[in-house]
Amino acid sequence: MIAMFVRHAVKDFAKWKAVYDTDQDARQAAGLRELNLWRNADEPHEVVVLLEVSDLAQAKAFATSIALREKMDAAGVTGRPEIIFLSDR
């Protein structure tokens with residue numbers, strides 16, 4: 001399995017989550033399926049998302065897309081997100 005790990009800080013979790021939820025179709029189109037979504041217990045403005053990847057090339061294109069960057073800006077992501085692709089092989 002290939003997974004995409006995303007960690008970033010947000011200004012307001014509720015606002016971020018509302019915007020994140022509206023982007024599910026874009027994630028699905030990029031071959032991504034949410035496995036887990038967490039908030040850091042010590043830093044509640046830090047969000048971690050783990051997504052299953054069905055097509056690595058599509059997922060990488062999505063991760064670097066202007067559309068995702070604009071969506072993250074609209075959601076109140078602060079700083080640069082950390083995105084890592086993981087493999088269990």
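G76 is found in the loop between α4 and β4, where helices (H or I, at least four residues) and strands (E, at least two) are DSSP runs numbered from the N terminus. The structure is a predicted model, in which local features need pLDDT of at least 70, side-chain atom pairs count only at pLDDT 80 or more, and totals for chains, interfaces and linings use all residues. Residues are numbered from 1 along each chain as its sequence is written, and side-chain values use heavy atoms, with hydrogens and water left out.

G76 follows α4 and has a positive phi, near 90°. The relative accessibility of G76 is 6%, so this residue counts as buried; buried means under 20% relative accessible area, exposed means over 50%, and partly exposed lies in between (1.4 Å probe, protein chains only). Although G76 and K11 are 65 residues apart in sequence, their C-alpha atoms are 5.4 Å apart in space. When residues up to four places away in sequence are not counted, G76 touches A9, V10 and K11, contact being defined as heavy atoms within 4.5 Å.

One of the residues of strand β1 is H8. With a relative accessibility of 5%, H8 counts as buried. Apart from its neighbours within four places in sequence, H8 is in contact with W16, H45, E46, V47, M72, V77 and P81.

Empty space was examined next. Rolling a probe the size of a water molecule over the atoms shows where empty space is left. A pocket is found on a 1 Å grid over the protein atoms alone, as an open set of points where a 1.4 Å probe fits, with protein on both sides within 12 Å along at least five of seven lines; lining residues have an atom within 4 Å of a point. The largest pocket holds about 300 Å³ of space, a volume being the space filled by probe spheres set on the grid points, which are joined across faces, edges and corners. This pocket is lined by 14 residues, of which A63, R69, R80, P81 and I83 are the closest to its centre. The most are given by β4, with six residues. By type, the lining has seven nonpolar, three polar and four charged residues. Here Ala, Val, Leu, Ile, Met, Phe, Trp, Tyr, Cys and Pro count as nonpolar, Asp, Glu, Lys and Arg as charged, and the others, Gly among them, as polar.

Side chains of opposite charge can pair when their charged atoms come close. The structure holds four salt bridges, a salt bridge being a side-chain nitrogen of Lys or Arg within 4 Å of a carboxyl oxygen of Asp or Glu. In the pair formed by R7 and E46, the closest N and O atoms are 4.0 Å apart. This pair links distant parts of the chain, with R7 in strand β1 (residues 2-10) and E46 in strand β3 (residues 46-53), 39 residues apart. R7 is partly exposed at 33% relative accessibility, and E46 is partly exposed at 23%. A network of salt bridges links R7, E46 and E82.

R33 and E52 form a salt bridge in which the closest N and O atoms are 2.6 Å apart. The pair also links distant parts of the chain, since R33 lies in strand β2 (residues 32-39) and E52 in strand β3, 19 residues apart. Relative accessible area is 48% for R33, which is partly exposed, and E52 is partly exposed at 25%.
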